[in-house]
Amino acid sequence: MTIPTVFVVTPSFNSVDYIDRAIMAVVSQSGRFRIRYHIQDGLSDDGTVERIQWWKNAIETQSFPISCEGLELTYESAADAGMYDALARAFDTFDLPDDAFATWINSDDLVMPGAFAALANIVSTHSATDVAWVTGRRSNASVAGVPREPQWPETLPIREAIAAGICDSVHLGCIQQEGTAFRGWLWHAARDAGLFEDCKLAGDWLLWTKMAQHADLYQLQFSLGRFHAREGQLSANMDAYVAEIERFIPTAARTEALCAFLSQEDAVSLQLYFDEETCAFVSRECSINRFAFTDHAIAHKPELADHLDAIVPEFSAVRGPLNLPSDVQILDLMKQFAGYTRLWPMLPLSRQIEVRFQRLIKREKRLMERDERMVRLCGRHVSKLADLSDLEQQRWKSVARRHPWKVGLWLALRRYERSVTK
């Protein structure tokens, strides 16, 4: 059997504090595959180039043990016009086969253990046109490497939504670049179509919109890469990121596209699951109904809630008198996790979410005397939590822990937004 090669690029500039961690995550990948790794540096002057050269020497002299079938590391330090120009130059150094997977990982981020083994498995079990584009679950960490809760709800890998440009962190969550990989033919097709090199911030968004015109995006059930948040990084300037997107697809056009999706009966998300019996990934189609899709949309663009009656008339049938406190923490909770457990019911709620719900329940108890809370639960109305028996209160808490978003939190966000704007 032919041993697959995974092609990886890292753009870097003055990254001496992080470059060792990024390189280690790539070269320590284990499995039956080869790694072709290129680092494109932008004339760093803080010792980054010296660290890259150290790694190159260690690999060439075999003083650093590898656990894959082969590893080649090259680098170049030259002036560039920005990160995406550097990436384009780096990919040009490869003779990238059409069926091979390629990806990039920034110098302050990580490839997760087992990521390349998963890609190699997909290469051996799926044709280049069958599965050409994959991503993993979101994974975020602080600059010190401490994992943290994702900032956004889980990505919805729906091809039509990506192609329309609404996976932009404004309307829907963006596709996490860390852990997204694509076949060589898809890179060439998307690269030929656009202005990737000219982007300063939103090149990944642009590339995904172009790739979605040619292939479906499949999501694996685990993380392939991890994003690290640090002060001063380019991705922290979301206003500039969105402004660059505006150059290609205006906000009005993206909002109109989102409303069109909300009017659909269902959307289809493509997933890859690992089959233990066959030791191969199998694909499944997951239907996402308009209610779940709308939860996800409201989490990113709350003002859409005011137009839901016109967009999806069926929502008026389930709307009830839900009016939660105008609390910043609760709003933050809704924005981060609304729709999450509805889309992925197989995942248990994290301890952090449970703690936040306990705080919400305690707040409800403290404010019951204001007599302005109405809770809609399981299709029935409860005027006050204090009016319930102890057994009913325990049942309410249990349901809230297991299925918090299924009791209509999108309605809470809607009511909250209306109360603030009055």
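Gln 62 sits in the loop between helix 2 and strand 3; helices (H or I, at least four residues) and strands (E, at least two) are DSSP runs, numbered from the N terminus. Phi of Gln 62 is near 60°, a positive value in a residue other than glycine. With a relative accessibility of 69%, Gln 62 counts as exposed. Here exposed means over 50% relative accessible area, buried under 20%, and partly exposed in between, with a 1.4 Å probe and protein chains only.

Cys 279 is not a glycine either, and has a positive phi of about 55°. The loop that holds Cys 279 runs between strand 12 (266-275) and strand 13 (280-289). Cys 279 is partly exposed, at a relative accessible area of 46%.

## Basis of the model

This is a predicted model, in which local features need pLDDT of at least 70 and side-chain atom pairs count only at pLDDT 80 or more, while totals for chains, interfaces and linings use all residues. Residues are numbered from 1 along each chain as its sequence is written, and side-chain values use heavy atoms, with hydrogens and water left out.

## The chain as a whole

The protein chain contains 16 helices and 15 strands. Of its 422 residues, 55% are buried. Contact means heavy atoms within 4.5 Å. Among contacts between residues at least 6 apart in sequence, 80% join residues at least 24 apart.

## Helix 1 and helix 2

Two packed helices are described by the angle between their axes and the distance between the axes. Helix 1 (residues 19-27) and helix 2 (residues 48-60) pack at about 25°, and their axes are 10 Å apart. This makes helix 1 roughly parallel to helix 2, a label for angles under 35 degrees, against over 145 for roughly antiparallel, 65 to 115 for roughly perpendicular and the rest for oblique. The axes are lines fitted to C-alpha atoms, for helices over the stretch in contact, and angles run from 0 to 180 degrees between N-to-C directions.

On the helix 1 side, the contact involves Ile 19, Asp 20, Ile 23, Met 24 and Val 27; they meet Thr 48, Arg 51, Ile 52, Trp 55 and Ile 59 of helix 2. By class, the residues of this contact are 7 nonpolar, 1 polar and 2 charged. Ala, Val, Leu, Ile, Met, Phe, Trp, Tyr, Cys and Pro count as nonpolar, Asp, Glu, Lys and Arg as charged, and the others, Gly among them, as polar.

## Aromatic pairs

The structure holds 15 aromatic pairs. Rings of Phe, Tyr and Trp (its six-membered ring) pair if their centres lie within 6.5 Å; planes under 30 degrees apart count as stacked, over 60 as edge-to-face and the rest as tilted. Trp 104 and Trp 208 are stacked, at 5.9 Å centre to centre and 15° between the planes. Trp 104 lies in strand 4 (residues 101-104) and Trp 208 in helix 7 (residues 203-211), so this pair ties together parts that are 104 residues apart in sequence. Trp 104 is buried at 1% relative accessibility, and Trp 208 is buried at 2%.

Phe 274 and Phe 281 form an edge-to-face pair, with ring centres 5.2 Å apart and planes at 70°. Phe 274 is partly exposed at 38%, whereas Phe 281 is buried at 5%. Ring pairs also link a cluster that includes Phe 7, Phe 91, Trp 104 and Trp 208.
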